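Subject: Structure handover

Hello,

Here is the structure for you to look at. Please open it before reading on.

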2 protein chains.
Amino acid sequence: MKKTIYDVAEAAGVSISTVSRVINHTGRISKSTRQKVLEVMKELDYQPNVHASALTGKRTNIIGLLTPDIANPFFGELAKSVEERADELGFSIIMCSTDRNPEKETKYFSVLRQKNVDGIIFATGIENKESFAALEDIVEKGIPLVMISQDRALFPMDVVVIDDVMGGYLAAKHLISLGHQKIACLIGDGSTTGEKDRLKGFKKAMDEAGIEIDESLMAGTGFSLQNGKEAAAAMFAQKVPTAVFAVNDVLACAVIQTAREWGLKVPGDLSVIGFDNTILAEMIDPPLTTVSQPIEEMGRRVVELLAEDIHGKKKSKSKMILTPELVIRQSTAPLRIDEKISEKRQQL
Amino acid sequence: MKKTIYDVAEAAGVSISTVSRVINHTGRISKSTRQKVLEVMKELDYQPNVHASALTGKRTNIIGLLTPDIANPFFGELAKSVEERADELGFSIIMCSTDRNPEKETKYFSVLRQKNVDGIIFATGIENKESFAALEDIVEKGIPLVMISQDRALFPMDVVVIDDVMGGYLAAKHLISLGHQKIACLIGDGSTTGEKDRLKGFKKAMDEAGIEIDESLMAGTGFSLQNGKEAAAAMFAQKVPTAVFAVNDVLACAVIQTAREWGLKVPGDLSVIGFDNTILAEMIDPPLTTVSQPIEEMGRRVVELLAEDIHGKKKSKSKMILTPELVIRQSTAPLRIDEKISEKRQQL
DNA sequence: CTGTTAGCGCATTCAC
DNA sequence: GTGAATGCGCTAACAG
């Protein structure tokens, strides 16, 4: 049977409060009795009952991780990093994959509140107002919140982001330096701050170069591979750019695959640049030029911020901005205009 | 402030036991009072406190998911499927990424036990004896266990697997049918039943074809991309096969990348076949021929089995064997022997 | 320094 | 059918 604090107390010849004290390092206890209690605890393999202590207002050592899609390599790698650091710090992770579904979002807030998590990490935006109401509830309750790779100051909370504007800028700058002008953008559903900022950086670079943006080359429906393929196909059907900037690697891969289907060579006929630098970027053919996010560090940092907050070591909220980097591989190349391409374009 | 069962009782003009009864559908209550209580609960937005009920022996609606590496697309996709079905069934998932580290494994068992999870899904083997001892503890406690894609009858538990032997057989058969004989195997760390069975199927096909297995072409160090690259490079340095069967897609990708570094064309100079059919298989260049696992279904099934067990609807343990399928893409091709290759081989 | 006691929110005998 | 009382395991005053 499971050991309780009473068993330990009895075996150690003390009262339960003494045992509780050595467990929680509260109050003062003589070295000898503490020693004794510790010993007994080990002998009995005593494990405090989390629910009992949670019931009295203590922490649960659980944090919720809200993610749009754990199967997306970016979030998979992020989750791994988060889980690892959390474990080191003594927290378990409840994984919530919202699928960008507002209802699931709202539901999860409620579940997390009910389960009394110590804190919540958002790796997803919150869009619908119902979720928002549920969130407010959580905020009121004083549950620490941190946001990662999304930066919308909904409520006072810590934030870890990369400089998305700079990321978009780097991407565009790279394409422009290769001579491209007809550059398309493939965004997701247009709702996240990440996309918006990347796009902002993109436009800034285009502006600086004096290149006008062709609105018909701005496309986006969602974040999945399928979404990307559809959006890319729709775009190609109307107009074919010489380069594409996709706001994440999955979408960039979609572009490359669609291009292949259309007989467009990457990077010969079309340059493609992604964002995230996930494992996909290494795998895809050709290897993807992309803007790298320090995923591992982001995961680590966000957990650390949250932990500090949970432990009450923080007086004020902070925002940590990490720097993206351009990783040049083989999916981008200098603009090349010759008959062959023109011909191919004509056909399309 | 958080509503309790007392608030509801008071507002409904009944006692807490009555409220408890309508919540748990136990005992008999008059239709009218049940109605009334239900109303009040809705009005007050009452949410039962999980910890309090867990304390009285009820379930926690949490299940633990033990995975070797959530960043590996196979486990990422599996986790997504598991999470989705679990959510539908009212369970939250505590994500445990063990990194195949025995210490983390052991630690997680202890954590999960402490957190009083309703059940545990193993998507990883258990190797070291310490973990084993911790596991025994869990089994004794009667916590439902299910195992996925691993089949070692450690204890009575439900199992969802694919026919790994058949999978290995299919892979080898395919390569053999293309004329290959010098076929290498890239396994992981050699510890999991999945690998062993796939290898068994592989050998069976080789046997049937009367091809002798070259032990120097059996390699493996671990499951990561890095591991795969090292193992492949080490193998090529000694001997270059005409085809490679890798026990998962990540390792297959590693082979392809290493081959590229060595100037070996895939599939011209070297055919490569993987296992899992994750998103990587579609992305890699060339698209990977692989043995497909019905990941989504596996995740769904395993949760359903576990849920039944948790709800006590199962008298006996069961084992569900799903069928793998060969997915032919472009990383495998008929054996080709000509001077160009021989020459290249000579150089190596 | 240490023991006693009163809840935390809920499920569950017992009585009525 | 319904209510009062007890305990789950632990923390936090409150007394020594």
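Below are the findings, taken from the chain contact down to single residues.

Please keep in mind that this is a predicted model.

**Chain B against chain A**

How many residues does each chain give to the contact? Chain B supplies 53 residues, and chain A supplies 52 residues. The two chains bury about 4800 Å² between them. Carbon and sulfur atoms give 56% of that area. Three residues of chain B lose the most area to chain A: H51(B), M95(B) and M283(B). Together they make up 16% of what the chain B side buries.

Now the polar side of this interface. The rule finds 12 salt bridges across it. E83(A) and K104(B) form a salt bridge, with their closest N and O atoms 3.3 Å apart. Between chain B and chain A, 18 residue pairs are in polar contact, both residues being at pLDDT 80 or more.

Which elements of chain B give two or more residues to the side that touches chain A? The helices are α4 (50-55), α5 (73-88), α6 (102-114), α10 (225-238), α11 (249-261) and α12 (279-283) of chain B. The strands are β1 (62-67) and β2 (92-97) of chain B. By class, the residues on this side of chain B are 23 nonpolar, 12 polar and 18 charged.

Strand β2 (residues 92-97) of chain A is joined to β2(B) by 3 bridges. The two strands run antiparallel. Within this pairing, I93(A) stands opposite M95(B). M95(B) is also one of the residues of chain B that lose the most area to chain A.

**Domains of chain A**

Chain A is divided into three parts, as follows:

- Domain 1 covers 5-48.
- Domain 2 covers 62-162 + 295-322.
- Domain 3 covers 164-293 + 327-347.

The C-alpha centres of domain 2 and domain 3 of chain A lie 30 Å apart. Domain 2 of chain A puts 12 residues into their contact, and domain 3 of chain A puts in 15 residues. The area buried between these two domains is about 1200 Å². Carbon and sulfur atoms give 52% of it.

How many salt bridges does the rule find across the interface of domain 2 and domain 3 of chain A? The count is 0. Polar contacts do occur there: 3 residue pairs, both residues at pLDDT 80 or more. On the domain 2 side, α5 (73-88) and α13 (295-310) of chain A each give two or more residues. The largest share, 3 residues, comes from α5(A). By class, the domain 2 side has 5 nonpolar, 2 polar and 5 charged residues.

**Backbone points to check**

Chain B has a cis peptide bond between V266(B) and P267(B), with omega about 5 degrees. P267(B) sits in the loop between α11 and β9 (271-276) of chain B. A cis peptide bond also joins D285(B) and P286(B), with omega about -5 degrees. P286(B) is in the loop between α12 and β10 (289-292) of chain B.

In chain A, look at N277(A). Its phi is near 60 degrees, a positive value in a residue other than glycine. N277(A) lies in the loop between β9 (271-276) and α12 (279-283) of chain A.

Over to you.

Best wishes

Terms used:
Residues numbered from 1 in each chain as written. Chains lettered and ligands numbered in written order. Predicted model: local features only at pLDDT ≥ 70, side-chain atom pairs only at ≥ 80, totals over all residues. Heavy atoms only, no water. Contact = heavy atoms within 4.5 Å. Buried area = accessible area lost by both parts, 1.4 Å probe. Salt bridge = Lys/Arg side-chain N within 4 Å of Asp/Glu carboxyl O. Polar contact = N/O pair within 3.5 Å; in protein donor to acceptor, adjacent residues only side chain to side chain. Helix = DSSP H or I, 4+ residues; strand = E, 2+ residues; numbered from the N terminus. Nonpolar A, V, L, I, M, F, W, Y, C, P; charged D, E, K, R; others polar. Pairing = 2+ DSSP bridges. Domains from an automatic or database assignment.
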